[in-house]
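Here is a walk through one protein chain. Keep the sequence and the coordinates open while you read.

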Amino acid sequence: MTEHPSGLPEGAWPWFNDLCRGIGTVVARTPYRLHLHHRERIPRTGAVVMVANHTAFLDGPVLFCVLGRRSVFLVKHEQFQGPLGKFLRRLGQLPVRRGAPDRTPLLTAVRLLREGEGLVGVFPEGTRGTGEVVKAANGAAWLARSGGALVLPVACRGFRRPEGSGRRFRPRVDVLFGTPFALPPGKGKTALTEATELVRGRLAELVAELDVMRAGYPGNAEQQEGDSA
């Protein structure tokens, strides 16, 4: 499979990716009070693997819109059905079968990174949860090392509705971008495990930093409880 020179997989429409990101950024600010912290830390160029905690469906779509550059996210295969699947492919997103030995999307992502301008988004926890990042899969570290990419940690809080609460009016959502870092060189399973723990630890620290920030915002106690539930 050959890749589009824009840093997107074959079959994607670069103009469509740009258009949807622009529209999505505006739309996301309508139902939410979206606050982006240290967005200047996002590398404008070069190969990047973005890792983020995952608590709600909207984490992915909103991050896709606010990164400020074209990106490719690894999305669960079940989403690639019917019209939605066609839409995601035109955006340049890659389907991943969880729990199945399917290396095709990972190899495609590595090729995009090696071209030098790819940004690949991964949720290392593998599924939605409370977002403290107590565990992580090896995929993000493997991608970064195989593709020669920096790792960009990103923490999100606010999309997850507190347990037992009703509809919320324009809740506050915070996205904190961490400092990009390179993984140490190494080969073999042990080195990959250590790299994965480094990714998990950096991301967990960033989530904890964001939780402290949000705890200090006036009137944010209910939302903070929902984030850590």
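Predicted model: local features only at pLDDT ≥ 70, side-chain atom pairs only at ≥ 80, totals over all residues.

The chain folds into 7 helices and 7 strands. Read from the N terminus, the elements follow the order α-β-β-α-β-α-β-α-β-α-β-β-α-α. The chain has 229 residues, and 50% of them are buried. Now take the contacts with a separation of 6 or more. Of these, 75% are between residues 24 or more positions apart.

Next, the helix pair. Helix α1 covers residues 14–28, and helix α2 covers residues 59–66. Their axes come within 8 Å of each other. They cross at roughly 115°. Angles of 65 to 115 degrees count as roughly perpendicular, so α1 is roughly perpendicular to α2. The crossing of the two helices is left-handed. Which residues make the contact? From α1 come Asn17, Cys20, Arg21, Gly24, Thr25 and Ala28. From α2 come Val62, Phe64, Cys65 and Val66. By class, the residues of this contact split into 6 nonpolar, 3 polar and 1 charged.

Now move along the chain to Asp174. This residue sits in strand β7, which spans residues 172–177. Is Asp174 buried or exposed? Its relative accessible area is 0%. Buried means under 20%, so Asp174 counts as buried.

What does Asp174 touch, leaving aside its neighbours within four places in sequence? The residues in contact with Asp174 are His35, His37, Ala155, Cys156, Arg157, Leu210, Arg214 and Tyr217.

Arg214 belongs to helix α6, residues 188–215. What joins the side chains of Asp174 and Arg214? A polar contact of 2.5 Å does. One end of this pair is in strand β7, and the other is in helix α6. Arg214 also has a relative accessible area of 0%. With the cut-off for buried at under 20%, Arg214 is therefore buried.

Asp174 is buried, and Arg214 is buried.

Notes:
Residues numbered from 1 in each chain as written. Heavy atoms only, no water. Axes fitted to C-alpha atoms, helices over the stretch in contact; angles between N-to-C directions. Helix = DSSP H or I, 4+ residues; strand = E, 2+ residues; numbered from the N terminus. Parallel < 35°, antiparallel > 145°, perpendicular 65-115°, else oblique. Left-handed = near helix turned anticlockwise from the far one by under 90°. Contact = heavy atoms within 4.5 Å. Nonpolar A, V, L, I, M, F, W, Y, C, P; charged D, E, K, R; others polar. Buried < 20%, exposed > 50% of the residue type's maximum accessible area, 1.4 Å probe, protein only. Polar contact = N/O pair within 3.5 Å; in protein donor to acceptor, adjacent residues only side chain to side chain.
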